[in-house]
Structure formats: structure tokens, C-alpha cells
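Please report on the charge pairs, helix packing and backbone details of the model shown here.

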Amino acid sequence: MQTTQDIQAIDTPIHTPTEAATMVLKLGYRGADFSGFAAQPGGVRTVAGELYHALSVFLHRPVEITCAGRTDAGVHALAQHVSLPVYKNELGLSGSTVKRALNALVGDDISVSEVYRAPAGFSARFDAEARSYRYRIVEGWTRPIMAWNHAWWLRAQLDVEAMDRAAQALVGEHDFKSFCKAASAIDKPTHRNVMSVQVARIEEAGEQLIAVDITGNAFLHSMVRTIVGSLVEVGTGRREEQWISQVLAACNRRAAGQCAPAKGLVFAAVQYPEGSFEPWL
């Protein structure tokens with residue numbers, strides 16, 4: 001659990017030797033019991049809080065970490081990437097030892113899957129070229145079993161082909177102000193580049209699902225979930241396909257559909273320039 005001492009360590013300037021390299025962690029987590037990724041005061045459980053504690057115990061020092069993309073409360077991840085500076089005396093650590101130690105120090109809803117070494121100055125956030133998310137939907141009146149905790153059970157029939165066609169209006173560089181949390185867009189840039197969107201039927205663990213896969217250079221607060229909620233308006237027939245283009249042009253959050261529930265969203269992948277890091281052996 002994140003303590004007051006941990007928060008103070010985070011907020012206090014850290015005086016350390018010169019950074020020798022960057023450690024990059026690839027991790028996943030089930031978001032249900034976290035109040036998002038970012039550390040928060042007051043004993044609130046967050047992914048960053050768990051990692052701060054585990055890394056500071058293992059490395060015997062305060063740490064500063066940077067993530068590829070912050071996730072909201074309840075959102076899951078399969079391929080979150082986190083970077084932190086390491087120093088000369090830590091270069092001899094074994095990657096397998098780091099992975100085992102961190103997995104032992106965090107809760108069982110976090111899993112560190114890979115440890116990489118990158119040059120000094122590498123940032124999991126600023127060096128990322130693209131991020132990918134998947135949103136899962138279960139349609140109809142059959143209650144999901146295996147997908148219960150990571151899909152939106154929508155008691156309706158959806159026209160997946162219409163949703164996919166409508167989604168193509170979002171591809172490219174646009175102002176996505178209509179699709180982000182209004183308060184988070186005040187005096188901040190809201191242009192983003194969406195590289196691809198696909199809506200398709202899939203099967204996982206014997207259950208039929210609908211997956212919305214979206215890749216972009218970066219995303220605004222609640223952007224993917226609001227896009228999904230808006231595409232559902234098209235899928236149910238309440239809106240025409242061209243309505244998505246109208247929402248995009250409006251640059252007004254009130255023009256879009258609902259924000260889909262957090263539990264259906266998974267941070268699926270991050271893309272970095274080739275050769276950015278290598279396995280920490």
C-alpha cells in the first residue's frame with residue numbers, strides 16, 4: 001500500500017548520481033481495484049503507488065517513474081510500459097531477479113512481464129510512437145461469464161458493420177475535443193492522430209464478443225471510451241453513420257454519446273522506434 005512517506009519521497013527532489021541507463025518495465029494489471037494509474041495522496045490505491053513502493057524497497061532508494069499512458073480507474077492493461085533512471089551500481093542487476101522481486105512485492109492484480117534496458121534519458125511516455133487500446137462489448141441478453149469483468153454487457157443488438165464504417169471518419173489527425181472529458185480539455189491542445197480503428201466480432205474463451213481496436217499517437221482523457229459510447233449509438237440504430245463525422249466537427253463533448261464503462265477497456269500495446277531498448281539480461 002502507498003504510504004504518506006512514499007508520497008513525500010515522490011514530491012521531494014531526488015539528488016542522485018548521474019543516470020547510467022534507463023530500466024523499462026512492461027506490465028499488466030486488472031484495473032478493478034485501482035483508482036487509476038497515477039499516484040494519489042491519502043492512501044488511495046493506484047498502480048503507480050504499488051510500483052513506487054515495490055521499486056523503492058527493491059532498489060533501496062526513492063524512485064521516479066514515467067508511464068506510456070495513464071489509465072483511469074477501472075481500466076485494465078496488458079502492455080503498460082514504465083521507465084525509470086538507474087545508476088552505475090545497479091547495472092549488474094539480473095533482469096530475471098528484478099522481475100521476480102517486483103512481482104513478489106506488488107499485489108496479485110499486477111504482473112511485470114518484461115524488463116528492458118534503454119539508454120539514459122529514454123522516456124516510456126515521450127519516446128512512444130503509438131498506443132493501442134481494445135474495448136470489449138458483449139451484446140444481447142445472454143450474461144457473459146469469462147468476459148464479465150472486462151467487457152461491457154450491452155443488452156441490445158449491434159450493427160457491427162455500421163459501427164466500423166462510421167469509425168473510419170475518426171482516422172487521421174483531428175481535433176477530438178468532442179470525445180474527451182470536458183474539464184480536461186480546458187486550455188489544452190485536443191488534436192490527436194488516430195492511425196486506425198476497427199470494430200469486429202471476435203471469440204475469446206468460447207464467448208462471442210465485439211472488439212473495438214484503436215491505435216493513435218496519443219489519447220485524451222476518456223477519449224477511447226467516449227468514441228465507443230458514440231459508436232454504440234450508431235450500432236443500435238439510434239444515429240446514422242455520418243453522425244460520427246458531425247460529432248467530430250462539433251468540438252463539443254455534449255455532441256457525443258456516453259462514456260462507455262471503464263471495465264471494458266484494456267491498454268493493449270505501445271509502439272516505440274526500433275532498437276529503443278533491449279532485454280535486460
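## Salt bridges and their surroundings

E233 has 14% relative accessibility and counts as buried (buried is under 20% relative accessible area, exposed over 50%, partly exposed in between, with a 1.4 Å probe and protein chains only). This is a predicted model, in which local features need pLDDT of at least 70 and side-chain atom pairs count only at pLDDT 80 or more, while totals for chains, interfaces and linings use all residues. Residues are numbered from 1 along each chain as its sequence is written, and side-chain values use heavy atoms, with hydrogens and water left out.

E233 forms a salt bridge with R238. The term covers a side-chain nitrogen of Lys or Arg within 4 Å of a carboxyl oxygen of Asp or Glu. Side chains of opposite charge can pair when their charged atoms come close. R238, at 52% relative accessibility, counts as exposed. The count of salt bridges under this rule is eleven.

| Pair | Closest N and O atoms |
|---|---|
| R30 and D108 | 3.7 Å |
| E50 and R45 | 3.0 Å |
| E233 and R238 | 3.1 Å |

What parts of the chain does the pair R30 and D108 tie together? R30 forms a salt bridge with D108. R30 lies in the loop between β1 (21–29) and α2 (47–59), and D108 in the loop between α3 (95–105) and β4 (110–118), so the pair ties together parts that are 78 residues apart in sequence. Helices (H or I, at least four residues) and strands (E, at least two) are DSSP runs, numbered from the N terminus. R30 is partly exposed, at a relative accessible area of 48%. D108 reaches 70% relative accessibility and counts as exposed.

Elsewhere, salt bridges link R134, R136, E204 and D213 in a network.

## Helix packing

Two packed helices are described by the angle between their axes and the distance between the axes. Axes here are lines fitted to C-alpha atoms, for helices over the stretch in contact, and angles run from 0 to 180 degrees between N-to-C directions.

α2 packs against α3 at an angle of about 130 degrees, with the axes 9 Å apart. The two helices are therefore oblique to each other. Under the angle classes, under 35 degrees counts as roughly parallel, over 145 as roughly antiparallel, 65 to 115 as roughly perpendicular and the rest as oblique. On the α2 side, H53, A54, L55, V57 and F58 make the contact, and on the α3 side T97, V98, A101, L102 and L105. Contact means heavy atoms within 4.5 Å. By class, the α2 and α3 contact has eight nonpolar residues, two polar and no charged. Ala, Val, Leu, Ile, Met, Phe, Trp, Tyr, Cys and Pro count as nonpolar, Asp, Glu, Lys and Arg as charged, and the others, Gly among them, as polar.

Helix α4 (residues 160–167) packs with α5 at an angle of about 130 degrees, the axes being 8 Å apart. α4 and α5 are therefore oblique to each other. α4 passes α5 in a right-handed crossing. A162, M163, A166 and A167 of α4 meet L231, V232, V234 and G235 of α5. This contact divides into seven nonpolar residues, one polar and no charged.

## Backbone and loops

Most residues other than glycine have a negative phi, and most peptide bonds are trans. S222 is not a glycine, yet has a positive phi of about 65 degrees. S222 sits in the loop between β9 (207–216) and α5 (223–235). At 13% relative accessibility, S222 is buried.

C251 also has a positive phi, near 50 degrees. Its loop runs between α6 (243–250) and β10 (265–271). C251 is partly exposed, with a relative accessible area of 29%.

A255 is found in the loop between α6 and β10. Its relative accessibility is 25%, partly exposed. Leaving aside neighbours within four places in sequence, A255 is in contact with W243, V247 and A250.

Methods
A crossing is left-handed if the near helix is turned anticlockwise from the far one by less than a right angle, and right-handed if clockwise.
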